[in-house]
Amino acid sequence: MAPPSYPDLGKLARDLFKRGYHPGVWQLDCKTMSSPAIEFFTSGFASQDHSKVVGSLQSKYKIEDYGLTLTERWNTDSWIFGEIAQKDKLAQGLMLALEGKFQPSSDSKDGKFRLGYAQDKFNFLSDMGISSSPIMNCSLVLGHNEFLGGVGCAFDVGNTSLSSWKVALGWANDKATLHVELKDGESWLASLFYKLNDQIDAAVELTKTGGGGGGENSPEGEPEQGGGSEVTVGVGMIYRLEGDALIRAKINSKAELGLGYEQKVRDGVTASISAVLDGRNISDGSHKFGVGLALEC
């Protein structure tokens, strides 16, 4: 089995802190299949603060005989996306994809070519924009037994210069996943995911941003505030109840407390509520609540 791609390193801990929390929005997701080869997915968000509604509609068509997947998507900002991908047909483990997007109202357009190749001990992923001065992103993950090592970089082809770089080390087995990452020598991330039993998943995450940088990988997914670098520590868990229900909870060193409850109402219908509370200012803090509904048939 091939090791994960670089973007999927540390995914279990990252998802535990982010998935299931939708503070400040009403969210509706619908997924259906009109046939075994055609899949439709629509998603909508309504902001509770600004009364703004955004949504998207996606269709995916698979041609198994040729290893092709055709994807098209439209959103309420009038962006039209399209992708054609082929996997495992020209060679086992080889993935080729071409994607593009277009906004008729502004005549803005962009495109990207992606290439991936995975075997038992490595996973290579690359993409390059289709423009006059494209950026090429490359990453490589090597695996040996339970150990993982990865490196990634972004290269400005037009200026022939290295835009950014990152390295990662990891260790994973059936119960635990450890992930450490360094970006540009200025920011780092360390996370540990552990499956205590069939009911409880737990994770801890430490992030340090560069001077005044954004906290993309912070537990709340919010930008860091303030001038200098800052270390944020977060702890989270998922507890699965009987009857297709689960409870989520997380807290970080900024006293931001996240709580969530998810219930499978019936086959194909899942409802969830969540909240992110400002623990430093309970009486008049910027508390955010959210409601989600997922439909599948």
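**Exercise 1. Identify the residues that make up the largest nonpolar core in this predicted model, and state which element contributes the largest share of them.**

Solution. The largest nonpolar core consists of seven residues, namely Ala-13, Leu-16, Phe-17, Phe-193, Ala-203, Ile-238 and Leu-246. Turning to secondary structure, helix H1, which covers residues 11-18, supplies the largest share of this core with three residues. A further core of five residues lies apart from it, and among its members are Tyr-6, Leu-9, Val-141 and Leu-148. As background, nonpolar side chains in soluble globular proteins tend to be buried together. The structure discussed here is a predicted model.

**Exercise 2. Determine which residues Ala-13 is in contact with, once its neighbours within four places in sequence are left aside.**

Solution. With those neighbours set aside, Ala-13 is in contact with Ser-191, Leu-192, Phe-193 and Ala-203. Comparing this list with the core, one finds that Phe-193 and Ala-203 are also members of the largest nonpolar core.

**Exercise 3. Decide whether Ser-59 counts as buried or exposed, and locate its contacts.**

Solution. Ser-59 is placed in strand S3, which runs over residues 53-63. Its relative accessibility is 14%, and because buried means under 20%, Ser-59 counts as buried. When residues up to four places away in sequence are not counted, Ser-59 touches Glu-39, Phe-40, Leu-70, Thr-71 and Glu-72.

**Exercise 4. Describe the nonpolar surface patch, and classify the accessibility of Trp-165.**

Solution. The patch covers about 780 Å² and is made by Val-151, Leu-162, Trp-165, Val-167, Leu-182, Trp-188, Val-231, Val-233, Val-235 and Ile-251. The elements that give two or more residues to this patch are strand S11 (161-172) and strand S15 (231-241). Trp-165 is found in strand S11, and since its relative accessibility of 34% falls between the limits of 20% and 50%, Trp-165 counts as partly exposed.

Notes. Residues are numbered from 1 along each chain as its sequence is written. This is a predicted model: local features need pLDDT of at least 70, side-chain atom pairs count only at pLDDT 80 or more; totals for chains, interfaces and linings use all residues. Side-chain values use heavy atoms; hydrogens and water are left out. Patches are made of residues with over 30% relative accessible area and no salt bridge: like charges are joined within 9 Å, nonpolar side chains (Val, Leu, Ile, Met, Phe, Trp, Tyr) within 5 Å. Accessible areas come from the Shrake-Rupley method with a 1.4 Å probe; for residues, only the protein chains shown count as cover. A salt bridge is a side-chain nitrogen of Lys or Arg within 4 Å of a carboxyl oxygen of Asp or Glu. Helices (H or I, at least four residues) and strands (E, at least two) are DSSP runs, numbered from the N terminus. Buried means under 20% relative accessible area, exposed over 50%, partly exposed in between (1.4 Å probe, protein chains only). A nonpolar core is a set of buried Ala, Val, Leu, Ile, Met, Phe, Trp, Tyr and Cys residues joined through side-chain atoms within 4.5 Å. Contact means heavy atoms within 4.5 Å.
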